[in-house]
Amino acid sequence: MAYEVPRAVVDAFYQAYAARDVDRIAKYLADDVAWTISGPVDYLRFCGTHRGKAAVLDLIKRQVPEVLRVFSFVPEAILVDGDQAAMLSRQSSRRAVDRRVISYRVANFMRFRDGKVFENLSLLDSFDAVEQVLGHPLAAHDGQMAGQGNLVAV
């Protein structure tokens with residue numbers, strides 16, 4: 001029979017993650033965890049794949065706060081199915097360089113083994129986040145600014 005992660009484990013992990021409590025988070029990470037944040041590395045340098053418990057804890061404790069200091073993490077939906085959990089959340093952060101507040105959505109897709117996360121894929125609403133980090137709208141491919149009523153194909 002396949003592993004089924006208890007909902008209580010998923011909720012406890014997300015509570016620790018929302019609080020950015022690395023000691024509590026560590027208890028829910030497999031030693032061989034692979035943690036991927038899909039986003040524009042040029043603007044959010046913590047994006048990419050981080051392998052191993054120590055690397056993921058460093059990501060949460062040091063790398064992300066060097067760019068963005070998360071102060072609000074509000075889950076909008078959490079789904080648990082078998083060994084997998086998915087969450088859509090709204091995060092609010094302050095840019096480390098100027099303390100300007102940005103707010104963006106994140107989808108997390110995780111797999112658990114024996115009560116621990118061994119795989120995570122985080123998808124940021126990176127277009128919105130990067131515009132907020134830069135402080136201005138991004139230009140569309142033809143040089144026009146993306147704005148109200150304009151569609152942008154990526």
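**Close-up views of a predicted model**

**View 1. Lining of the largest cavity.** Sixteen residues line the largest cavity, and those nearest its centre are Tyr17, Arg20, Ile37, Val64 and Gln91. A cavity is a set of points, on a 1 Å grid over the protein atoms alone, where a 1.4 Å probe fits but cannot get out, and lining residues have an atom within 4 Å of a point. The structure is a predicted model, in which local features need pLDDT of at least 70 and side-chain atom pairs count only at pLDDT 80 or more, while totals for chains, interfaces and linings use all residues. Residues are numbered from 1 along each chain as its sequence is written, and side-chain values use heavy atoms, with hydrogens and water left out. The largest cavity holds about 170 Å³ of space, and the count of cavities of 30 Å³ or more comes to one. Here a volume is the space filled by probe spheres set on the points, with grid points joined across faces, edges and corners. At least two lining residues come from each of strand S1 (29-38), helix H3 (53-67), strand S3 (68-81), S5 and strand S6 (116-124). By class, the lining comprises 12 nonpolar residues, three polar and one charged; Ala, Val, Leu, Ile, Met, Phe, Trp, Tyr, Cys and Pro count as nonpolar, Asp, Glu, Lys and Arg as charged, and the others, Gly among them, as polar.

**View 2. The chain as a whole.** The chain contains four helices and six strands, arranged along the sequence in the pattern α-α-β-β-α-β-β-β-β-α. Helices (H or I, at least four residues) and strands (E, at least two) are DSSP runs numbered from the N terminus. Of its 154 residues, 38% count as buried, that is, under 20% relative accessible area, against over 50% for exposed and in between for partly exposed (1.4 Å probe, protein chains only). The chain exposes about 8600 Å², of which carbon and sulfur atoms supply 52%, by the Shrake-Rupley method with a 1.4 Å probe. Among contacts (heavy atoms within 4.5 Å) between residues at least 6 apart in sequence, 47% join residues at least 24 apart.

**View 3. Pairing of S3 with S4.** Strands S3 and S4 pair in the antiparallel sense over 12 bridges, where pairing requires that DSSP find at least two bridges between two strands. Val70 has Ser93 of S4 as its bridge partner, and Phe73 has Gln91 of S4. Gln91 is also among the residues nearest the centre of the largest cavity. In the hairpin of S3 and S4, two residues lie between the strands, and Gly82 takes a positive phi near 65°.

**View 4. Surroundings of Ser92.** Ser92 lies in strand S4 (residues 84-95) and is buried, with a relative accessible area of 12%. Not counting residues up to four places away in sequence, Ser92 touches Arg69, Val70, Phe71, Ser72, Ile102 and Ser103.

**View 5. Pairing of S4 with S5.** S4 and S5 are also antiparallel, paired over 11 bridges. The bridge partner of Gln84 in S5 is Arg111. Five residues lie between the strands in this hairpin, where Arg99 takes a positive phi near 65°.

**View 6. Surroundings of Ala107.** Ala107 belongs to strand S5 (residues 101-113) and counts as buried because its relative accessibility is 16%. Neighbours within four places in sequence aside, Ala107 is in contact with Met87, Leu88, Leu121, Ser122 and Leu123. Asp125 stands 18 residues from Ala107 in sequence, with the two C-alpha atoms 8.4 Å apart in space.

Conventions:
On a 1 Å grid over the protein atoms alone, a cavity is a set of points where a 1.4 Å probe fits but cannot get out, and a pocket is an open set with protein on both sides within 12 Å along at least five of seven lines; lining residues have an atom within 4 Å of a point.
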